[in-house]
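Subject: Structure handover

Hi,

Here is the structure I promised to pass on to you. My notes on what I found follow below it.

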Amino acid sequence: MKVVIVSKAFVMGAYQRKAEEIAKHGVDLTVLAPPEWEDSRGRQQVERAYTNGYTLRTIPIVFNGHFHTHFYPTLLSELTDLQPDVLHMDEEPYNMATWLALRAAKWRNIPATFFTWQNILKKYPPPFLFFERDIYKLAPIAIAGNAAAHSVLQAKGYSGDIAVIPQFGVDTELFRASSSGKELASPTDTVRIGYAGGLLPEKGIDLLLRACAKLKGDWSLSLIGTGEILPELEDLAIELDIQKHVYFIGRVDSILMPERYRELDILVLPSRTTENWIEQFGRVLTEAMASEVVVIGSDSGEIPNVIADAGIIFAQGDSEHLCIQLQTLLDQPELRHSLAKAGRQRVLDNYTMKQIAANTVDVYERLTTLRT
């Protein structure tokens, strides 16, 4: 079975492990990615970290950084040359890139699927509304990243089959504790708190700073990532007089993130729901859990479902509640130790890259039966 995946997400080296796992199922796989992708978190050039067993190629992209309107002008010729049995367009159904790709696939008689995280029921203006309606007719199977996205597809009238599969799993050999494991800490040890992701208003990092400012005990906070509110966060740390405890790490290459997680005791994802956004998954949670880092997340979107009973949930927007939960973890090393172990086990049971790849290949196999 020959498969082409088109995905800007595969510019990240750590994500490429999914392609290796898919190829292990006997799939003749080609991944087409842009040379780089730029968004509000900065510019990410394509990494080549995990490329065994499949082909990773870059192709030109138009309107780089424009989520809704970017597209790949050479894709039709790529499909003509490669002649795959399946096209996996790893993009939302209301984007121009997905619409053009699935139309190209139809012209070449290639069954195709798309991926969606969209967990808010929205009506898009033209032409994106028309893209979406057309794509629903062109794709007999869709992949939804979470249960809420599944419900949105159905509410919008999508009548094809829907497979609920997170976009990426976790490589549990890469994301794990050090070889000695997480030792039970002393109550007097510095507790290393962290955040990883975009420095964006909806991520609630200001709440994390305010919560940390009221903690009692020895702690540090590392903020890993870049984004538009970096200056505001730096000013807030100074205003709260915690700047000596807060480290702004900046962007870290995906292949170096496992080591960064090993430096943490707690990872916090303090997302806050907005009118146009709700947390869709929280990939950093599963990576941290696999690394035996205790996770705390807000109750925004999919976060409570990802964490379940293997971490702690706080009320989004409530810095006082977050402070209480953090203080509990600072005061109870035994609780941190047990939750760290529970988090890794939850990832092993539900979120490995192997599991995600196997479920994705099942979608491909179902699509091949639809080719005429």
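His88 has its place in strand S6 (residues 86–89); strands here are DSSP E runs of at least two residues, helices are H or I runs of at least four, and both are numbered from the N terminus. With 1% relative accessibility, His88 counts as buried (buried is under 20% relative accessible area, exposed over 50%, partly exposed in between, using a 1.4 Å probe and protein chains only). Leaving aside its neighbours within four places in sequence, His88 is in contact with Val4, Ile5, Val6, Lys18, Thr113, Phe115, Ile143, Thr360 and Tyr364, where contact means heavy atoms within 4.5 Å.

Before you go further, please note that this is a predicted model, in which local features need pLDDT of at least 70 and side-chain atom pairs count only at pLDDT 80 or more, while totals for chains, interfaces and linings use all residues. Residues are numbered from 1 along each chain as its sequence is written, and side-chain values use heavy atoms, with hydrogens and water left out.

Now to the strands around S6. S6 pairs with strand S1 (residues 2–6) in the parallel sense over 4 bridges; pairing requires at least two DSSP bridges between two strands. Val6 has Met89 as its bridge partner in S6. S1 itself is mostly covered, with 4 of its 5 residues buried.

S1 also pairs with S2, again in the parallel sense, over 5 bridges. Along this pairing, Lys2 stands opposite Asp28 and Val4 opposite Thr30. Strand S2 (residues 28–33) is largely enclosed by the rest of the structure, because 5 of its 6 residues are buried. S2 in turn runs parallel to strand S5 (residues 55–58), joined to it by 4 bridges, and Leu32 stands opposite Arg57 there.

Which residues of helix H2 (residues 75–82) are buried? They are Leu75, Glu78, Leu79 and Leu82. Seen down the axis of H2, these buried residues fall within an arc of 95 degrees, so they line one face of the helix; the arc is taken from the directions from the helix axis to the C-beta atoms. They pack against S1, S2, S5, S6 and helix H3 (96–107). After H2 comes Gln83, with a positive phi near 50 degrees.
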